[in-house]
Amino acid sequence: MNTAGQAPLPQRRSTGIAPPAPLESTVKSALATVMPWQAARWLVSPGEPSSEVHTEWARDRPALLRVGRRFDAVRLRANEVHAYAGRADGETPPRADVERALADATITTAVIADLARHWYYALVPPGTAEGWTVRGIECLGRNHFLGVPAPHRVDPPGSHWLLPAPDSNSALCDPGAVHELIRAQRTAAAEAGQ
């Protein structure tokens, strides 16, 4: 017995085995592995040469996917997105700042960064391009192809997913949110020019 009247705890011997990770960490790790594969299956629409797409992704290169089947794509100028995220000097802001700027417009998924070409692509539901009316911003629909990085490709260099690759229609960007982002960008640019 020790001075507090309790028996001392037995000493643990080291087994050389790390204790199990907390459940939340284990689940996140499993999702990080599973989610890209679900997105890879979903992004490749029926009729696409899936073996070619998966070969390109396995080589860590973007695959050309036909737009207008699973998604349309709104092409956003990187300098405008960066200015809205707080960097009007032409420099690329920290990723967290860009993500925060997109989240302000409720865009939290399905955005590709192609910074070598100075574009971001927000993937929106198919058919969006047919009714797209935003002057100066192109929405790619049928008869277009887009270089889509592998769903696990989330870091530069090269084209990558700034926000998670979609694995269903519900994970695409809301066209209204993209409109709001563009409106907010233009308002901020006009106010900065005054």
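## Basis

The model is predicted: local features need pLDDT of at least 70, side-chain atom pairs count only at pLDDT 80 or more, and totals for chains, interfaces and linings use all residues. Residues are numbered from 1 along each chain as its sequence is written, and side-chain values use heavy atoms, with hydrogens and water left out.

## Overall fold

The protein chain has five helices and seven strands. Helices (H or I, at least four residues) and strands (E, at least two) are DSSP runs, numbered from the N terminus. From that end, the order of elements is α-α-β-β-α-α-β-β-β-β-β-α.

The protein chain has 194 residues, and 36% of them count as buried. Buried means under 20% relative accessible area, exposed over 50%, and partly exposed in between (1.4 Å probe, protein chains only). Contact means heavy atoms within 4.5 Å. Among contacts between residues at least 6 apart in sequence, 73% join residues at least 24 apart.

## The sheet

Five strands form an open sheet in the order β5-β2-β4-β3-β7, with antiparallel pairing. Strands β5 and β7 stand at the edges, each with a single partner strand, so one side of each has no neighbour in the sheet. Two strands pair if DSSP finds at least two bridges between them. In general, strands of a sheet pair through backbone hydrogen bonds, either parallel or antiparallel.

Strand β2 (residues 72-77) pairs with β4 over six bridges, in the antiparallel sense. Leu76 stands opposite Tyr120 in β4. Ala73 has Leu123 as its bridge partner in β4. Ala73 also stands opposite Leu140 in β5. Two bridges join β2 to β5, and these strands run antiparallel.

## Helix α4 on the sheet

Helix α4 (residues 95-104) lies across β3 (111-114), β4 and β7. Its angle to β7 is about 55°. Axes are lines fitted to C-alpha atoms, for helices over the stretch in contact, and angles run from 0 to 180 degrees between N-to-C directions.

Val98, Ala101 and Leu102 are the buried residues of α4. Seen down the helix axis, they fall within an arc of 95°, so they line one face of α4. The arc is that of the directions from the helix axis to the C-beta atoms. These buried residues pack against α3 (78-84), β3, β4, β7 and α5 (175-193). Thr106 follows α4 and has a positive phi, near 60°.

## His82

His82 lies in helix α3. At 5% relative accessibility, His82 counts as buried. Leaving aside neighbours within four places in sequence, His82 is in contact with Arg87, Glu91, Thr92, Pro93, Val98, Leu115 and Tyr120. His82 and Thr92 are ten residues apart in sequence, and their C-alpha atoms are 6.4 Å apart in space.

## Nonpolar core and cysteines

A nonpolar core is a set of buried Ala, Val, Leu, Ile, Met, Phe, Trp, Tyr and Cys residues joined through side-chain atoms within 4.5 Å. The largest such core has 49 residues, and Trp57 and Ile107 touch the most other members. Strand β4 (residues 119-124) gives the most to this core, with five residues. Leaving aside neighbours within four places in sequence, Trp57 is in contact with Ala40, Leu43, Val44, Ala63, Leu65, Val148, Pro149, Ala150, Pro151 and His152.

The structure holds zero disulfides. A disulfide is a pair of cysteine sulfur atoms within 2.5 Å. Cys139 counts as buried at 10% relative accessibility. Cys173 counts as buried at 4%.

Most residues other than glycine have a negative phi, and most peptide bonds are trans. Asp60 has a positive phi, near 65°. Asp60 is found in the loop between α2 (50-58) and β1 (63-66). Asp60 is partly exposed, with a relative accessible area of 41%.

Asn143 also has a positive phi, near 70°. Asn143 is found in the loop between β5 (139-140) and β6. With a relative accessible area of 70%, Asn143 is exposed. The peptide bond from Pro156 to Pro157 is cis, with omega near 5°. Pro157 is in the loop between β6 (145-148) and β7 (160-163).
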